[in-house]
Amino acid sequence: MAAAVLTNSWRGLYQTFTYGKVASSLPLCYTGVRHKSTLQYASRPDLPKLAYRKIKGKSPGVVFLPGYASNMSGSKAEALEEFCKSLGHSYLRFDYTGCGQSEGVFEECTVGTWKKDVLYMLDEIADGPQILVGSSMGGWLMLLAAIARTEKTKALVGISTAADYLVTSFKTQPIEVRKEAEDKGEWMLPSKHSEEGHYRLSMDFLREAENHCVLQSPIPVTCPVRLLHGLKDEDVPWHISMQVAERVLSADVDVILRRHGQHRLADKDDIKLIVYTIDDLIDKLTTLV
């Protein structure tokens with residue numbers, strides 16, 4: 001049974017981070033002095049190089065998966081690196097094909113392309129068991145990776161998880177909108193995070209993405225799962241996180257709903273909650289070992 005937690009009180013957050021063990025380590029993430037890990041490139045035969053940053057450390061490690069058209073240089077990704085450094089745990093963040101500093105053409109990519117990127121990084125670059133942290137579409141890829149790499153995935157943290165969202169969002173459009181998109185060969189997904197005010201999705205992209213949908217049946221993920229979502233998310237409805245919680249087979253699932261949280265969950269208190277969640281999972285996994 002998934003537990004839904006509404007976090008809407010500053011006092012509650014203050015107590016959580018003051019009296020929990022995170023209080024001593026959190027400031028390291030927000031000092032403003034950041035010593036970034038070295039930018040590296042993973043070379044793959046006949047495939048674009050992937051840009052990544054990695055710090056070595058204890059297990060379990062943490063891998064951050066960005067959202068659609070995003071990259072590894074966001075505030076959440078960088079704060080998690082500082083946090084992992086403070087604990088001495090390994091950390092990996094990277095750019096998908098066609099995104100950020102990685103090679104490749106974004107318009108030629110598919111959900112399957114990015115899934116392969118994640119699996120490659122888990123297989124070839126990440127060391128040992130990992131906690132996967134997926135933001136938005138990264139939450140979808142996180143689930144796909146957990147299904148494909150059960151032995152390497154020890155826990156999941158979804159941030160505004162957008163499982164199946166690009167497909168289901170199109171399918172819920174009025175029939176005339178879908179017909180027009182079919183005729184044009186592309187659909188405009190409105191988004192305030194795009195400079196153009198929308199993302200241009202080809203029908204080929206959407207058809208390929210449909211092959212990777214996970215919400216139609218039980219999701220064979222049995223590791224601990226934490227799903228954070230904002231009730232004011234105008235991009236990906238919070239009920240998708242509830243659907244994921246209902247469908248994963250894990251007996252250890254929590255859904256945390258942020259009353260004033262928006263899609264990116266990138267405010268300072270949001271990031272504190274993400275860090276606290278990962279720290280708690282590290283404690284749990286270390287205790288189990």
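This is a predicted model: local features need pLDDT of at least 70, side-chain atom pairs count only at pLDDT 80 or more; totals for chains, interfaces and linings use all residues.

Biologist: Where does Asp 46 lie?

Modeller: Asp 46 lies in the loop that links β2 (39-44) to β3 (47-55). Its phi is positive, about 65°, although Asp 46 is not a glycine. Most residues other than glycine have a negative phi.

Biologist: What is the phi of Asp 164?

Modeller: Asp 164 has a phi near 65°, again a positive value in a residue other than glycine. This residue lies in the loop between β7 (153-159) and α6.

Biologist: Is Asp 164 buried or exposed?

Modeller: Asp 164 counts as buried, because its relative accessibility is 2% and buried means under 20%.

Biologist: What about the peptide bond from Ser 59 to Pro 60, cis or trans?

Modeller: That bond is cis, with omega near 0°. Most peptide bonds are trans. Pro 60 has its place in strand β4 (residues 58-65).

Biologist: Let us change topic. How confident is the predictor, as an average pLDDT over the protein chain?

Modeller: The average pLDDT is 89, and 87% of the residues score at least 70. Over residues 6-25, however, the pLDDT is below 50, and the model gives this stretch 28 contacts beyond near neighbours in sequence. Residues 27-33 also stay under 50, with 11 contacts beyond four places in sequence.

Biologist: And the chain as a whole: how many helices and strands?

Modeller: There are 10 helices and 11 strands in the protein chain. Of its 289 residues, 52% are buried. Among contacts between residues at least 6 apart in sequence, 73% join residues at least 24 apart. The accessible surface comes to about 13,500 Å², and carbon and sulfur atoms account for 51% of that surface.

Biologist: Which residues of α3 are buried?

Modeller: The buried residues of α3 are Lys 76, Ala 77, Glu 78, Ala 79, Leu 80, Glu 81, Glu 82, Phe 83 and Cys 84. After the helix comes Gly 88, whose phi is positive, near 80°.

Biologist: Which residues of α8 are buried, and what covers them?

Modeller: In α8 the buried residues are Met 203, Phe 205, Leu 206, Glu 208 and Ala 209. Their cover includes the helices α4 (111-125), α5 (137-148), α6 (165-171) and α7 (175-184), together with the strands β8 (186-190) and β9 (198-202).

Biologist: How do the side chains of β9 point?

Modeller: They alternate along the strand. β9 runs antiparallel to β8, and five bridges join the two strands. Leu 189 stands opposite Tyr 199 in β9.

Biologist: What does the side chain of His 212 join by a polar contact?

Modeller: The side chain of His 212 makes a polar contact of 2.7 Å with that of Glu 208. His 212 has its place in the loop between α8 (203-210) and β10 (225-230). It counts as buried, because its relative accessibility is 14%.

Biologist: Which residues is His 212 in contact with, neighbours within four places aside?

Modeller: Those contacts are Val 111, Gly 112, Lys 115, Trp 140, Leu 144 and Asp 164. Trp 140 belongs to helix α5 and is buried, because its relative accessibility is 0%. The C-alpha atoms of Trp 140 and His 212 are 9.0 Å apart, although 72 residues separate them along the chain. Beyond four places in sequence, the contacts of Trp 140 include Asp 164, Ala 209 and His 212.

Biologist: Finally, what does Asp 235 touch?

Modeller: Not counting residues up to four places away in sequence, Asp 235 touches Tyr 165, Ser 191, Lys 192, His 193 and His 263. Asp 235 lies in the loop between β10 and α9 (239-247), and it counts as buried because its relative accessibility is 14%.

Conventions
Residues are numbered from 1 along each chain as its sequence is written. Side-chain values use heavy atoms; hydrogens and water are left out. Buried means under 20% relative accessible area, exposed over 50%, partly exposed in between (1.4 Å probe, protein chains only). Helices (H or I, at least four residues) and strands (E, at least two) are DSSP runs, numbered from the N terminus. Contact means heavy atoms within 4.5 Å. A polar contact is a pair of N or O atoms within 3.5 Å; within protein, one must be able to donate a hydrogen and the other to accept it, and residues adjacent in sequence count only if both atoms are side-chain atoms. pLDDT is the predictor's confidence in each residue, from 0 to 100. Accessible areas come from the Shrake-Rupley method with a 1.4 Å probe; for residues, only the protein chains shown count as cover. Two strands pair if DSSP finds at least two bridges between them.
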